[in-house]
Amino acid sequence: LCEFKEAINYLLEAYQYLHNWNIENEIAQCYFNLNHYNHALKYALDSALNADGAVHSKVHLYGLLENILEIKGLETLVNKHRILIRHINNTENQYCDEFLESEKENYTKEYYRNLENDLRKDWSELRYENEEKSIGKIHNLLKTEGTIICNGEIYSFEIKTVNNNIVNLLSNDMDVSFYKNEYYDKNKEKEIKIAVGITLI
């Protein structure tokens, strides 16, 4: 506890075996506590973009992102996160604020999931702002998962990693643009290639 540098070393080791949003979140929190805001933002964005985890279970992560973005002066994004957090908390009855009665018709899981989905585009653009999108073709799409072929390499994705509410428009052999993300999985002893921020061309 409070040994953030030591904790980061353990968490980064665990991260090589388990590419989990909770671990990314904890790494981001440690970096934030050490005032390393760029590293904190990177891991917090990776955690937010990670397809694992229900939206309402990530409310503390969204609060961390709000704090980091406020330090960086990105007020528009700060407000988006505040609204998302308020809707999650009120919908899940974690607490009731003064707006609950007047806006209670808006407090639904579908509504806050839409808010989170809209933020995904902001997250991917902020996370990969210095990288160009790659072009590929959807190779295999099955329910909530799929793969993209790009220059002979295969990148996997889940529906949560798709931008702009285009889920119902996706189909096999469709051309898309996306950001590349990779990590080495020690358990599987191979590099895992992931596509995020997917948009139609």
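Strand E5, spanning residues 190–200, is mostly covered, with eight of its 11 residues buried. The model described here is predicted. Across the protein chain the pLDDT averages 88, and 90% of the residues score at least 70. Confidence is highest in H4, at 98, and lowest in helix H6 (residues 100–103), where the mean is 54.

Strand E5 pairs with E4 in the antiparallel sense, and nine bridges join the two strands. Within this pairing, lysine 180 has alanine 195 of E5 as its bridge partner. The two strands form a hairpin in which four residues lie between E4 and E5. In the turn, glutamate 189 adopts a positive phi of about 55°. In a regular strand, side chains alternate between the two faces of the sheet.

Helix H4 comprises 13 residues and extends 19 Å from its first C-alpha to its last, a span close to the 18 Å expected at 1.5 Å a residue. Its buried residues are Val59, Leu61, Tyr62, Gly63, Leu64, Leu65, Glu66, Ile68 and Leu69. The elements that cover these buried residues include helix H2 (21–33), helix H3 (37–49), helix H5 (75–91) and H7. Just after H4, a positive phi of about 75° is found at glycine 73.

Aromatic contacts were considered next. A pair of aromatic rings is described by the distance of the centres and the angle of the planes. The count in this model comes to six aromatic pairs. One of them is formed by tyrosine 62 and tryptophan 123, which are stacked at 5.7 Å centre to centre with 15° between the planes. This pair links distant parts of the chain, given that tyrosine 62 belongs to helix H4 (residues 59–71) and tryptophan 123 to helix H7 (residues 109–127), 61 residues apart. Tyrosine 62 and tryptophan 123 are both buried.

The rings of tyrosine 155 and phenylalanine 178 also pair, with their centres 5.4 Å apart; their planes stand at 55°, so the pair is classed as tilted.

Over the ring of tyrosine 43 sits the charged end of lysine 42, at 4.1 Å from the ring centre. A further charge sits over a ring at tyrosine 128, where the charged end of arginine 127 is placed 4.7 Å from the centre.

Asparagine 9 is located in helix H1 (residues 4–15). With a relative accessible area of 54%, asparagine 9 is exposed, because a value over 50% counts as exposed. Between asparagine 9 and asparagine 50, which are 41 residues apart along the chain, the C-alpha atoms are separated by 21 Å.

How values were computed:
Residues are numbered from 1 along each chain as its sequence is written. This is a predicted model: local features need pLDDT of at least 70, side-chain atom pairs count only at pLDDT 80 or more; totals for chains, interfaces and linings use all residues. Side-chain values use heavy atoms; hydrogens and water are left out. Rings of Phe, Tyr and Trp (its six-membered ring) pair if their centres lie within 6.5 Å; planes under 30 degrees apart count as stacked, over 60 as edge-to-face and the rest as tilted. Buried means under 20% relative accessible area, exposed over 50%, partly exposed in between (1.4 Å probe, protein chains only). A charge sits over a ring if NZ of Lys or CZ of Arg is within 6 Å of the ring centre and within 35 degrees of the ring normal. pLDDT is the predictor's confidence in each residue, from 0 to 100. The expected span of a helix is 1.5 Å times one less than its number of residues. Contact means heavy atoms within 4.5 Å. Two strands pair if DSSP finds at least two bridges between them.
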